[in-house]
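These are my notes from going through a model, kept in the order in which I looked things up.

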Amino acid sequence: MTIKAYFLWNDDFLRVRQLSFMKKKQLPVLPDILRMVAWEVTRSCNLACRHCRASSLHGPYEGELSTDRCLKLLDDIAAVSRPVVILTGGEPLLRTDIFEIAAYGDSLGLRMVLATNGTLVTEQTAAKMLKSGIKRVSVSIDGKDATHHDAFRNVPGAFEGALAGIEAMKKAGLEFQINTTITRMNLDQLADIKNLAVTIGAAAHHIFLLVPTGRGKEMSDQAISPGDYEKTLNWFYEESLHCPIQLKATCAPHYYRILHQRGKDQGSGVRGRGSGVERAESPLHAMTRGCLGGSSFCFISHTGQVQPCGYLELDCGQIKEKTFAYIWKHSLILKELRDLNTYKGKCGHCEFIRVCGGCRARAYEVTGDYLAEEPFCIYEPKVPDG
């Protein structure tokens, strides 16, 4: 290399580095407006699902919060904002005080919803859920029929039990949605499961892309490929344009990049008939960003550990030691996740970082660094214009 060529190369290198540096410095710090909390009120469960984040079994589990501590936590959450509070597990209906907890949260102005496998829901239970102020219930359906769903859930009769629970909720007038975790086991059934959700009268169908944590690590070989990931999310977007119920992708942050790309191509911004964007007045339909962990969402474990999400088991603070408000405002991990300038690899300079952000849990599981680039994303960011 000649001296002239060297300096020309060096000048180009420094110019690209400077542009990259300038871009990263211009990235925003996301606001810490709490909109949703997933709270694992118990880790006990009556099923043993193959993909379970918590590796839940029947229990009991030590260290779960008492009723009084649960009510105090709701006070603390309400002091921060009025988010949607997802009562989850394990199986939350195994807590004998679950309706007291839900009713207290409702009295504080929190929007209380519940996530269940559906098998314990009777007409009496559904009536209690409605009376306690629960606004919506999510029921997990991971197969198009009993054969496939029961294999996924590891319990014979789980499918029929879930459908019976849904029927009880319909009789009570309780709104419900279907949640589906996508793996290689059920990828080819996704259209059938979506159609089932429509047929049985669900308000929404939410899909989750497998994150290999908990028992899900044993199914890591069942995670769909990055290419299938992209194809599935594009299919889901196309379905959202005409589906009569709301469709939403969770733990699939690339969807929000696709939503912007496809919406722009079709001259419609990011609004799709079933995408949920046009229904943003409902916090259950709001679609603001891919990975919400740490910015507008957090997870609270059965022992009171605050985490960015249920799949990213990082200790952001213990509510038995500090108030929820203090942890939400001051956790260093949550602060890093809000600061987009801290993101690394191609996520750090992707033009869609504001709407996507990559899955921080997948980054952590694969690399040990929750700020690393999303390992399942095939999109290559555009090089800054020179």
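**Strand 8 and its partners.** I looked up strand 1 (residues 36–40) and found that it pairs with strand 8 in the parallel sense, over 4 bridges. I noted Ile300 in strand 8 as the bridge partner of Trp39. The model I am reading is a predicted one.

I then checked strand 9 (residues 305–307), which pairs with strand 8 in the antiparallel sense over 2 bridges. Ile300 turns up again here, with Val306 in strand 9 as its bridge partner. Strand 8 and strand 9 form a hairpin with 4 residues between them. In that turn, I noted a positive phi of about 100° for Gly304.

I wrote down the strand order as 7-6-5-4-3-2-1-8-9-10, an open sheet of 10 strands with mixed pairing. Which strands stand at the edges? They are strand 7 (246–250) and strand 10 (317–318); each has a single partner strand, so one side of each is left without a neighbour in the sheet.

I also looked up the contact between strand 4 (residues 136–140) and strand 5 (residues 176–182), which run parallel and are joined by 4 bridges. Val139 stands opposite Ile178 in strand 5.

**Aromatic pairs.** I counted 5 aromatic pairs. Trp235 is partly exposed at 24% relative accessibility, whereas Phe236 is buried at 0%.

Next I took Phe352 and Tyr379, whose ring centres are 5.6 Å apart with planes at 75°, so this pair is edge-to-face. Phe352 lies in the loop between helix 12 (345–348) and helix 13 (360–367), and Tyr379 lies in the segment after helix 13, so the pair ties together parts that are 27 residues apart in sequence.

Which residues do ring pairs link into a cluster? I listed Trp235, Phe236, Tyr255 and Tyr256.

I also looked for a charge over a ring. The charged end of Arg338 sits over the ring of Trp328, 4.6 Å from the ring centre.

**Cysteines.** How many disulfides are there? My count is 0 disulfides. To see why, I looked up individual sulfur atoms against the cut-off of 2.5 Å.

For Cys356, the closest cysteine sulfur is that of Cys377, 6.1 Å away, which is too far for a bond. Cys356 is buried, with a relative accessible area of 10%. For Cys359, the closest cysteine sulfur belongs to Cys291, at 6.2 Å, again too far for a bond. Cys359 counts as buried at 8% relative accessibility.

Notes:
Residues numbered from 1 in each chain as written. Predicted model: local features only at pLDDT ≥ 70, side-chain atom pairs only at ≥ 80, totals over all residues. Heavy atoms only, no water. Phe/Tyr/Trp six-rings, centres within 6.5 Å; stacked < 30°, edge-to-face > 60°. Buried < 20%, exposed > 50% of the residue type's maximum accessible area, 1.4 Å probe, protein only. Lys NZ or Arg CZ within 6 Å of the ring centre and 35° of its normal. Pairing = 2+ DSSP bridges.
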